[in-house]
Amino acid sequence: MAISLRKARTIMRKTFEKGREMELKPLSVVVLDAGGHVQAFEREDGAAPGRFAIAHGKAYGAVMLGMAGSAQMARAEQQAYFMAAVNGVYGGQVIPVPGGVLLRDKKGAVIGAVGVTGDTSDNDAVAALAGVEAAGLIGEA
């Protein structure tokens, strides 16, 4: 199963809704397919233009490593050299913090990732999971 544009748009819309409900700072959301390619991206009014790279780095790390942002952060804390090497392999594109959510279908297959940035990393992850759930997918934050 691939992540459809319709599901990607649902994820973004519901992530933004959750962010407003939580009174978060303006968010930016990217949805990547299983190959790490951008399926969709949006940023709320007031979000800094550089947020694309951060959202992308969170999602890219999740899909390329098959590991959610919180797990990447734990790995970085335990084995900084490993995450530094991974970042070298991927051209510095990995941002190992919460807000990078791995997407799985109902059978458990990885179909992509979501990256959210704008507020604290933990709040970004909460908003992302609301979007993923609304799209009927399974998210690992």
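View 1. Serine 28 is buried, with a relative accessible area of 0% (buried means under 20% relative accessible area, exposed over 50%, and partly exposed in between, using a 1.4 Å probe and protein chains only). Its place is in strand S1, residues 28–33 (helices, H or I of at least four residues, and strands, E of at least two, are DSSP runs numbered from the N terminus). Which residues is serine 28 in contact with, leaving aside its neighbours within four places in sequence? They are Phe16, Phe41, Glu42, Arg43, Ala47, Arg51, Ala55, Gly115, Val116 and Thr117 (contact means heavy atoms within 4.5 Å).

**A note on the model.** Please keep in mind that this is a predicted model, in which local features need pLDDT of at least 70 and side-chain atom pairs count only at pLDDT 80 or more, while totals for chains, interfaces and linings use all residues. Residues are numbered from 1 along each chain as its sequence is written, and side-chain values use heavy atoms, with hydrogens and water left out.

View 2. The whole structure holds 5 salt bridges (a salt bridge is a side-chain nitrogen of Lys or Arg within 4 Å of a carboxyl oxygen of Asp or Glu). One of them joins the side chains of lysine 14 and glutamate 17, at 3.3 Å from N to O. These two residues are separated by about one helical turn, because they are 3 residues apart in helix H1 (residues 5–21). Lysine 14 is partly exposed at 29% relative accessibility, and glutamate 17 is partly exposed at 32%. Another bridge, at 3.1 Å from N to O, brings together glutamate 21 and lysine 18. This pair also lies in helix H1, 3 residues apart, about one turn of the helix. Is glutamate 21 buried or exposed? With 58% relative accessibility, glutamate 21 counts as exposed, whereas lysine 18 is partly exposed, with a relative accessible area of 23%.

View 3. Aspartate 124 is buried, at 0% relative accessible area, and lysine 58 counts as buried at 2%.

**View 4. The largest nonpolar core and another one.** In soluble globular proteins, nonpolar side chains tend to be buried together. The largest nonpolar core has 20 residues, of which Ile3, Ile11, Val31, Leu103, Val114 and Leu137 touch the most other members (a nonpolar core is a set of buried Ala, Val, Leu, Ile, Met, Phe, Trp, Tyr and Cys residues joined through side-chain atoms within 4.5 Å). At least two residues of this core come from each of H1, S1, strand S3 (100–104), strand S4 (110–117) and H5. H1 gives the most, with 4 residues. Leaving aside neighbours within four places in sequence, isoleucine 3 is in contact with residues including Ile11, Val31, Leu103 and Leu137. Apart from this core lies another, of 13 residues, among them Val30, Val63, Met83 and Val86.

**View 5. Helices H3 and H4 packed together.** Two packed helices are described by the angle between their axes and the distance between the axes. Helix H3 (residues 69–78) and helix H4 (residues 80–89) pack at an angle of about 120°, with their axes 5 Å apart (axes are lines fitted to C-alpha atoms, for helices over the stretch in contact, and angles run from 0 to 180 degrees between N-to-C directions). That makes H3 oblique to H4 (angles under 35 degrees count as roughly parallel, over 145 as roughly antiparallel, 65 to 115 as roughly perpendicular and the rest as oblique). Gln72, Arg75, Ala76 and Gln78 in H3 meet Ala80, Phe82 and Met83 in H4.

**View 6. The loop between H1 and S1.** Glutamate 23 has its place in this loop and is exposed, with a relative accessible area of 71%. Its phi is near 60°, a positive value in a residue other than glycine. Most residues other than glycine have a negative phi. Leucine 27 is found in the loop between H1 and S1 as well, but leucine 27 is buried, at 0% relative accessible area.
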